[in-house]
Structure formats: C-alpha cells, structure tokens
Amino acid sequence: AALGYEVLDAYSMRVVKVIEPQKSPEEVARMQREERARMACQSALDRVNRLYQSELDVNAAKEQTIRSLLTRIDNAKMNLARAQKQNRELEAEAARQERSGRTLDAGLRDNIDRAHQQITTLEAEIAQRYGEQDAAERQYAEDLKLFVQGTCEDERAMRFLQAQATE
C-alpha cells in the first residue's frame, strides 16, 4: 500500500481500481495546511462578500473606521492634555506647600497620584488606538485584495494564504 497498486478484475484483467501510494507524513501535513488555508480563505471570502457589494464599499467602510479611530485618538489626546495640565497645577501647589514649610496634605497627594494614573491610562489608550488603526488598515487592505481576487482557487489565492500563514 505504501507504493500504491491497481486492483484488477480476475476474469478480464482490467484495472478496476487504482490505490494511490501512501502519503509521507510531510505530504499529509502539507495537504492539511493547504486545506486549512483554503478553508480560512473561503471563510474570509464569504465574510467579505456578505459585507461588501463593491470595492467602493470596502474603501468607504475603511474610511469610516479610520475616521472613528482618529476621533477617539483626538479625544484621548485632548483628555491627556487636560490631565497633564491638571497634574502640573497640582504639583505646583504641592511645591508651594512644601516651600512654605507645610506638610503636603493627603488629599493633594491623592489628587496627584490620580492625575498620574489618568495620564498613564490615557497614554496607553492612545497607543492602543494607534494599534487598532494599523490593524484596521491591514484588515481592510486584505479585505479589498480578497474582494478583488474573488476566489480562493487560483495561484494568487495560494500566495495570499501563504502570506496569511506566515504572519
């Protein structure tokens, strides 16, 4: 069975069935990878075809998503600027209290700590939103490529699948 064989009719000696050679473990693994990639491509193609009717639809969805993310980034930047200003004012007040020989009251110290935490949180949010923007750009580029390609059965599809597998 490892080399394959033919089943013959005992009377006519005609080939009734051809048994293919047994695949090596590497060939089986390659075929399984290709099948998984084909299925993933088909799933992605089905999703793209459900969402979009034209290339213009893909581009419009991308623009809307990017615009929304940029608005969220701008809002977070404005909030960050406010938090930084508040932090500077609180630290200036703390410096005044220390220069006058007073001990720093706990409420002011807590407010400074909260301002620092808010600044850290907003900086992380901004970085996250930029990451989301990059991911959206990549996703819409892939969606557009797949929409234009329109199939998972040609050489371009296999290159697409191989590129997806290496990312």
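## A buried arginine

Let's start with Arg-129, which counts as buried at 11% relative accessibility. The model you are looking at is predicted, and in it Arg-129 lies in helix α3. Setting aside neighbours within four places in sequence, Arg-129 is in contact with Leu-69, Arg-72 and Ile-73.

The side chain of Arg-129 also meets that of Glu-125 in a salt bridge, at 3.9 Å from N to O. These two residues are four apart in helix α3, so about one helical turn separates them. Glu-125 is partly exposed, with a relative accessible area of 25%, whereas Arg-129 is buried.

## Other salt bridges to look for

How many salt bridges does the count come to? The count comes to eight salt bridges. One to find is in helix α1, which spans residues 25-51. There, the side chains of Arg-30 and Glu-34 meet at 3.1 Å, N to O. Being four residues apart in helix α1, Arg-30 and Glu-34 are separated by about one helical turn. Arg-30 is partly exposed, with a relative accessible area of 36%, and Glu-34 is partly exposed too, with 25%.

Another salt bridge joins the side chains of Glu-137 and Lys-62, at 3.2 Å from N to O. This pair links distant parts of the chain: Glu-137 sits in helix α3 and Lys-62 in helix α2 (residues 55-99), 75 residues apart. Glu-137 counts as partly exposed at 30% relative accessibility, and Lys-62 is partly exposed with a relative accessible area of 22%.

## Further along helix α3

Helix α3 covers residues 106-149, and Ala-141 has its place there. Is Ala-141 buried or partly exposed? With a relative accessible area of 48%, Ala-141 is partly exposed. The C-alpha atoms of Ala-141 and Val-58 are separated by 8.9 Å, while the two residues are 83 apart along the chain.

## A nonpolar patch on the surface

Now turn to the start of the numbering. Leu-8, Met-13, Val-15 and Val-18 form a nonpolar patch on the surface, and together they have about 360 Å² of accessible area.

Two members are worth a visit. Met-13 is in the loop between β1 (5-8) and β2, and its phi is near 60°, a positive value in a residue other than glycine. Met-13 is exposed, with a relative accessible area of 54%. Val-18 belongs to strand β2, residues 15-19, and counts as partly exposed at 48% relative accessibility.

Conventions: Residues are numbered from 1 along each chain as its sequence is written. This is a predicted model: local features need pLDDT of at least 70, side-chain atom pairs count only at pLDDT 80 or more; totals for chains, interfaces and linings use all residues. Side-chain values use heavy atoms; hydrogens and water are left out. Buried means under 20% relative accessible area, exposed over 50%, partly exposed in between (1.4 Å probe, protein chains only). Patches are made of residues with over 30% relative accessible area and no salt bridge: like charges are joined within 9 Å, nonpolar side chains (Val, Leu, Ile, Met, Phe, Trp, Tyr) within 5 Å. Accessible areas come from the Shrake-Rupley method with a 1.4 Å probe; for residues, only the protein chains shown count as cover. A salt bridge is a side-chain nitrogen of Lys or Arg within 4 Å of a carboxyl oxygen of Asp or Glu. Contact means heavy atoms within 4.5 Å.
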